[in-house]
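User: I am new to reading protein models, and I would like to learn it feature by feature. Please show me the structure, and then let us talk it through.

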Amino acid sequence: VFDAGALLFKKTNWRTIGFWTLIGTVVMLLPAMASGLYGIYVDATGKQTFAAEGYNHDRTILWHRNVSFVATAALLVPTIWRVSKRDELATVARVVCLLLALVGAAFIAVAGYNGGYIPRGY
């Protein structure tokens with residue numbers, strides 16, 4: 001939202017807030033991904049313990065994992081790009097970063113919605 005506002009209203013302060021929000025998002029994705037992968041692969045009883053029966057929980061868990069990977073990739077690309085350029089990007093590059101971040105946010109929403117099915121089955 002702040003990056004879009006920075007583009008529309010030419011507010012550099014908003015771009016700074018958007019940049020640091022993106023950094024914080026990627027930093028918090030790392031423990032989320034690690035805990036999810038632990039629950040799937042390291043905890044041998046995790047799927048049986050936490051997944052409700054009555055639906056295809058294996059498919060749901062794998063879908064949740066794959067969507068999370070896409071979301072992480074879609075957010076890592078603009079983050080690395082902006083950090084490597086010290087957030088001094090041309091307008092076209094900022095629009096591309098914004099679009100990638102929006103795709104990442106959409107996939108996070110799908111992963112969160114799908115993740116609600118894992119423990120309860122609804």
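**Reading the model together**

Analyst: Buried means under 20% relative accessible area, exposed means over 50%, and partly exposed is in between (1.4 Å probe, protein chains only). This is a predicted model, where local features need pLDDT of at least 70, side-chain atom pairs count only at pLDDT 80 or more, and totals for chains, interfaces and linings use all residues. Residues are numbered from 1 along each chain as its sequence is written, and side-chain values use heavy atoms, with hydrogens and water left out.

User: Where does T79 lie, and which residues is T79 in contact with, leaving aside its neighbours within four places in sequence?

Analyst: T79 belongs to helix α4. Helices are DSSP runs (H or I, at least four residues), numbered from the N terminus. Contact means heavy atoms within 4.5 Å. Once neighbours within four places in sequence are set aside, T79 touches L22, I23 and V26.

User: Now for pairs of helices. At roughly what angle do the axes of α1 and α2 cross?

Analyst: Begin with what an axis is: a line fitted to C-alpha atoms, for helices over the stretch in contact, with angles running from 0 to 180 degrees between N-to-C directions. Here helix α1 covers residues 2–9 and helix α2 covers residues 12–42; their axes come within 7 Å and cross at roughly 160°. Angles under 35 degrees count as roughly parallel, over 145 as roughly antiparallel, 65 to 115 as roughly perpendicular, and the rest as oblique. The two helices α1 and α2 are therefore roughly antiparallel to each other.

User: Is the crossing of α1 and α2 left-handed or right-handed?

Analyst: A crossing is left-handed if the near helix is turned anticlockwise from the far one by less than a right angle, and right-handed if clockwise. For α1 passing α2, the crossing is left-handed. On the α1 side the contact uses F2, D3, G5, A6 and F9, and on the α2 side W14, R15, I17, G18 and F19. Sorted by class, this contact of α1 with α2 has six nonpolar, two polar and two charged residues. In this sorting, Ala, Val, Leu, Ile, Met, Phe, Trp, Tyr, Cys and Pro count as nonpolar, Asp, Glu, Lys and Arg as charged, and the others, Gly among them, as polar.

User: Which residues of α1 meet α5?

Analyst: From α1 they are D3, A4 and L7, which meet T91, R94, V95 and L98 in α5. By class, that contact has four nonpolar, one polar and two charged residues. The axes of α1 and α5 come within 10 Å and cross at roughly 150°, and α1 and α5 are therefore roughly antiparallel to each other. The crossing of α1 past α5 is left-handed. Within α1 itself, D3, G5, A6 and L7 are buried.

User: How should I read aromatic rings that sit together?

Analyst: A pair of aromatic rings is described by the distance of the centres and the angle of the planes. Rings of Phe, Tyr and Trp (its six-membered ring) pair if their centres lie within 6.5 Å; planes under 30 degrees apart count as stacked, over 60 as edge-to-face, and the rest as tilted. By this rule there are three aromatic pairs. The ring centres of F9 and W14 are 5.8 Å apart with planes at 85°, so this pair is edge-to-face. F9 counts as exposed at 54% relative accessibility, while W14 counts as partly exposed at 30%. F19 and W20 also form an edge-to-face pair, 5.2 Å centre to centre with 80° between the planes. Of these, F19 is buried at 12% relative accessible area, and W20 is exposed at 55%. One aromatic cluster is formed by F2, F9 and W14.
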